[in-house]
Amino acid sequence: MTAVLLALASALAYGVSDFLGGVLSRRLHFALVGCAAQVAAVACTAALLALPGTPAPRTGDLLWGAAAGVGSAVGSLALYRGLARGAMNVVAPLSAVGSAALPVLLGLALGERLPAAALVGVVLALPAIWLVSRSAGTGPAEAAGRGLGDGLLAGAGFALLFIGLERAGDGSGWWP
């Protein structure tokens, strides 16, 4: 039950931060918004590390955590830049699918096997991106042109975040 509550809290935090980041990126420079988000993340992590029972960090965990931090920063900056440019309908789905699909592809390359339903989901995500990113009055080429690079970069950054956290392992606590 604790894992479910933590997952729901995480989903809520990501949703709220993405929404607020997108709104603020239209009013302030996207890099300032991204920097504020990273500072908030460091502050929250420092508070968690101060809790009793936090395990001592291992070098490998810290290195994977650093890679995850780079991915988080790159993903956030690209996402906020794309949202600031007004390409939300392209940037958001591309970053979401990229952040999920790239770790899946890495896992497959490393020998992991997914159930058939999961593979079907990955394949169905591609036309879903196209359908979601189309806006009224624009063709696929116009929609894809707005925010394509930002969405792909955000997805790759967030994928690195998830891969780094997964590679650090469960025993690393809050350090990564």
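Guide: What follows starts with the whole chain and then turns to one part of it.

This is a predicted model, in which local features need pLDDT of at least 70 and side-chain atom pairs count only at pLDDT 80 or more, while totals for chains, interfaces and linings use all residues. Residues are numbered from 1 along each chain as its sequence is written, and side-chain values use heavy atoms, with hydrogens and water left out.

The chain has 7 helices and 0 strands, where helices (H or I, at least four residues) and strands (E, at least two) are DSSP runs numbered from the N terminus. With a radius of gyration of 17 Å, close to the 16 Å that the globule rule gives for 176 residues, the chain is as compact as a globular protein of that length; the radius is taken over C-alpha atoms, and the rule is 2.2 Å times the number of residues to the power 0.38. Along its principal axes, the C-alpha trace spans about 55 × 45 × 30 Å.

Of the 176 residues, 26% are buried, a term that means under 20% relative accessible area, with exposed over 50% and partly exposed in between (1.4 Å probe, protein chains only). Among contacts (heavy atoms within 4.5 Å) between residues at least 6 apart in sequence, 86% join residues at least 24 apart.

Asp61 counts as buried because its relative accessibility is 6%, and, leaving aside its neighbours within four places in sequence, Asp61 is in contact with Ala168, Ser172 and Pro176. Ser76 also has its place in helix 3 and is buried, with a relative accessible area of 8%. Not counting residues up to four places away in sequence, Ser76 touches Gln38 and Phe158.

For a view beyond this part, helix 4 runs over residues 88-109, and its 22 residues should span 32 Å at 1.5 Å a residue, which agrees with the 31 Å between its end C-alpha atoms; the expected span is 1.5 Å times one less than the number of residues. Its buried residues include Val90, Val91, Pro93, Leu94, Gly98 and Ala101. Just after helix 4, Gly111 takes a positive phi of about 100°.
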